[in-house]
Amino acid sequence: METPNAPNFGAPAPPGTAVDLNRQLATLLERIAGGDQASFAEFYQLTSRRVFGMARRVLIDPELSEDATQEVFLQVWQNAAKFDPASGSPLAWLMTISHRRAVDKVRSSQSSTDREAKYGASSQDIDHDSVSDEVGSRLEAEAVVRCLETLTETQQESVRLAYYGGLTYREVAEKLNAAVPTIKSRIRDGLIRLKTCLGVS
């Protein structure tokens, strides 16, 4: 099957601008909807780093982020025809899918994460304070996802590594290349804000 001819946009916009990119992506989505694999490959090349970046910010773990990225592009391949230009730009549509997919992964792994965190807390000497324990006993997936978004980016990183990853303050500090007192402060402040958001008394 021949690839549909691209519309003539005239003189190209400066490379890398959002307008130029969105025009490219809109054309590619039309072709992908028709089953054009070459257009899908080009769409992936243009957007995969952004999608992975979004997944990584939410999930932290690189392997989970890669899985989420693959799932996003599978969804693009299957649902390209559902893209509606009247509802927003192709990039906004893609980033919405990416964020939802990453959040879904957080929710789906919440139960096992809670079990692992409880086991880790009981079997290892992890330097967590009582605020973490109090919050951990009443976590609900949707509430946690919503409340995590109220933290600063550095607080989110530290809390996710310490609570969800089961790392000690020292391990988190090494991973984020920061001083241990700084990490302790970030985690404590982040957990207090999380506790307040979740309504834990």
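In the predicted model, helices α1 and α4 pack at an angle of about 75°, and their axes are 8 Å apart. An angle of 65 to 115 degrees counts as roughly perpendicular, and α1 and α4 are therefore roughly perpendicular to each other. By class, the contact of α1 with α4 comprises 7 nonpolar residues, 1 polar residue and no charged residues. On the α1 side, the contact is made by Leu21, Asn22, Leu25, Ala26 and Leu29. On the α4 side, Pro90, Leu91 and Trp93 take part.

Helix α1 covers residues 18-33 and has 16 residues. From its first C-alpha to its last, α1 reaches 22 Å, close to the 22 Å expected at 1.5 Å a residue. Its buried residues are Asp20, Leu21, Asn22, Leu25, Thr27, Leu28, Leu29, Arg31 and Ile32. An α-helix has 3.6 residues a turn, so residues three or four places apart point the same way. The partners of the buried residues of α1 are α2 (37-59), α3 (62-79) and α4 (90-108). Just after α1, Gly35 adopts a positive phi of about 90°.

Within α1, Asn22 is one of the residues that meet α4. Asn22 counts as buried because its relative accessibility is 16%, where the cut-off for burial is under 20%. Leaving aside residues up to four places away in sequence, Asn22 touches Ser89, Pro90 and Leu91.

Thr96 lies in helix α4 and, at 35% relative accessibility, counts as partly exposed. The C-alpha atoms of Thr96 and Val51 are 9.8 Å apart, with 45 residues of separation in sequence. Asp104 is also placed in α4; its relative accessibility of 38% makes it partly exposed. From Asp104 to Ala68 the C-alpha distance is 9.3 Å, and the two residues are 36 apart in sequence.

The protein as a whole contains 10 helices and 0 strands. From the N terminus on, its elements run α-α-α-α-α-α-α-α-α-α. Of its 201 residues, 39% count as buried. Among contacts between residues at least 6 apart in sequence, 65% join residues at least 24 apart.

Most residues other than glycine have a negative phi, and most peptide bonds are trans. Ile60, which is not a glycine, has a positive phi of about 65°. This residue lies in the loop between α2 and α3. Ile60 is buried, with a relative accessible area of 18%. Asn177 likewise is a residue other than glycine with a positive phi, near 55°. Asn177 is found in the loop between α9 (169-176) and α10. In terms of accessibility, Asn177 counts as exposed because its value is 74%, the cut-off for exposure being over 50%.

Helix α10 spans residues 180-198 and includes Lys184. With a relative accessible area of 29%, Lys184 is partly exposed. Lys184 and Ala173 are 11 residues apart along the chain, and their C-alpha atoms are separated by 8.7 Å.

The average pLDDT of the protein is 76, and 70% of the residues score at least 70. Over residues 1-15 the pLDDT is below 50, and this stretch has 14 contacts in the model beyond near neighbours in sequence. A pLDDT below 50 is also found over residues 121-128, where the stretch has 10 contacts beyond near neighbours in sequence.

Conventions. Residues numbered from 1 in each chain as written. Predicted model: local features only at pLDDT ≥ 70, side-chain atom pairs only at ≥ 80, totals over all residues. Heavy atoms only, no water. pLDDT = per-residue confidence, 0-100. Contact = heavy atoms within 4.5 Å. Helix = DSSP H or I, 4+ residues; strand = E, 2+ residues; numbered from the N terminus. Expected span 1.5 Å × (residues − 1). Buried < 20%, exposed > 50% of the residue type's maximum accessible area, 1.4 Å probe, protein only. Axes fitted to C-alpha atoms, helices over the stretch in contact; angles between N-to-C directions. Parallel < 35°, antiparallel > 145°, perpendicular 65-115°, else oblique. Nonpolar A, V, L, I, M, F, W, Y, C, P; charged D, E, K, R; others polar.
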